[in-house]
Amino acid sequence: MGSMHSGATNPLLEEFTRVLLELRWGDMDAYGHVNNVTQLKLLEEARVRALGSPTHSSDAPTTPGQHGVTETVSGVEMPTVFADASATTELLVASHAIEYRAPIPYRTGPIAVDLVISEVSAASVTVGYVICEPDGSRTYTVAETIVVFIDIASGRPRRLSEVETEAMESVLGTPVPLRRTRR
């Protein structure tokens, strides 16, 4: 796999891609912690920053960095398969599994979303996530998303090419430890 972080730790993952995201005041709910639906949006934002925009071919030209990846992303370098496929392929979420382990309190500093590619199948990629403190001291959420590759012209799932499969398998990591497994 790619390079490790300098000092970044996660008690649930060995090698991962880390995305640091700032919380917004409006992300909180009436109980004073980050809302569960907002957490799904954090996972989406981390996935796009780490793997590239699924609409890269039509994104604004001012998107910072290659495929929208900025200095908020570190660790295992993810292949650009998602961004590269965007001209002919829709990348649609087929399912989410999410476990909320502790409420995320609002803060002015970033929260860490650590990602791994845990499975590559014929027409989909499984992304695992751990939302945690940047120092690894607390895990808030563990989740998994299955992203399906859909051919824009036919509207049907399409197989990953050999090149895409090899690229995604090159960063294959251990699945996140969900308490309830769907498999």
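Tutor: We'll go through the sheet, the helices, the core and the aromatic pairs. Keep in mind that this is a predicted model.

Student: Sheet then. What's the strand order?

Tutor: The order is 2-1-4-5-6-3. It is an open sheet of six strands, and the pairing is antiparallel.

Student: Which strands stand at the edges?

Tutor: Strand 2 (73-75) and strand 3. Each has a single partner strand, so one side of each lacks a neighbour in the sheet.

Student: How many bridges join strand 1 to strand 2?

Tutor: Three, and the two strands run antiparallel. V19 stands opposite V73 in strand 2.

Student: OK, helices. What does helix 1 lie across?

Tutor: Strand 1, strand 2, strand 3, strand 4, strand 5 and strand 6. Helix 1 runs at about 130° to strand 1.

Student: And helix 3?

Tutor: Helix 3 covers residues 162-169 and lies across strand 4, strand 5 and strand 6. Its angle to strand 4 is about 130°.

Student: Pick a residue in helix 1. Is L42 buried or exposed?

Tutor: L42 sits in helix 1. It counts as buried, because its relative accessibility is 7%, and the cut-off for buried is under 20%.

Student: What does L42 touch?

Tutor: L21, L23 and V34, leaving out residues up to four places away in sequence. Also look at I111: it is 69 residues from L42 along the chain, and their C-alpha atoms are separated by 9.5 Å.

Student: Now the packing. How many residues has the largest nonpolar core?

Tutor: It has 33 residues. Those with the most contacts inside it are F82, V113, L115, I117, V125 and M168.

Student: Which elements supply at least two residues of this core?

Tutor: On the strand side, strand 1 (17-22), strand 4 (110-120), strand 5 (124-132) and strand 6 (139-151). On the helix side, helix 1 (36-51) and helix 2 (81-85).

Student: Aromatics next. How many pairs does a search of the whole structure find?

Tutor: Two aromatic pairs. One is W25 with Y106: the ring centres are 5.3 Å apart and the planes are at 85°, so it is edge-to-face.

Student: Where do W25 and Y106 lie?

Tutor: W25 is in the loop between strand 1 and helix 1, and Y106 is in the loop between strand 3 (89-100) and strand 4. The pair therefore ties together parts that are 81 residues apart in sequence.

Student: Are those two buried or exposed?

Tutor: W25 counts as exposed, at 63% relative accessibility. Y106 counts as partly exposed, at 29%.

Student: And the other pair, what's its geometry?

Tutor: F82 and F149, edge-to-face, at 5.6 Å centre to centre and 85° between the planes. F82 lies in helix 2 and F149 in strand 6, so this pair ties together parts that are 67 residues apart in sequence.

Student: F82 and F149: buried or exposed?

Tutor: F82 is buried, with a relative accessible area of 2%. F149 counts as buried at 0% relative accessibility.

Technical notes:
Residues are numbered from 1 along each chain as its sequence is written. This is a predicted model: local features need pLDDT of at least 70, side-chain atom pairs count only at pLDDT 80 or more; totals for chains, interfaces and linings use all residues. Side-chain values use heavy atoms; hydrogens and water are left out. A nonpolar core is a set of buried Ala, Val, Leu, Ile, Met, Phe, Trp, Tyr and Cys residues joined through side-chain atoms within 4.5 Å. Buried means under 20% relative accessible area, exposed over 50%, partly exposed in between (1.4 Å probe, protein chains only). Helices (H or I, at least four residues) and strands (E, at least two) are DSSP runs, numbered from the N terminus. Rings of Phe, Tyr and Trp (its six-membered ring) pair if their centres lie within 6.5 Å; planes under 30 degrees apart count as stacked, over 60 as edge-to-face and the rest as tilted. Two strands pair if DSSP finds at least two bridges between them. Contact means heavy atoms within 4.5 Å. Axes are lines fitted to C-alpha atoms, for helices over the stretch in contact, and angles run from 0 to 180 degrees between N-to-C directions.
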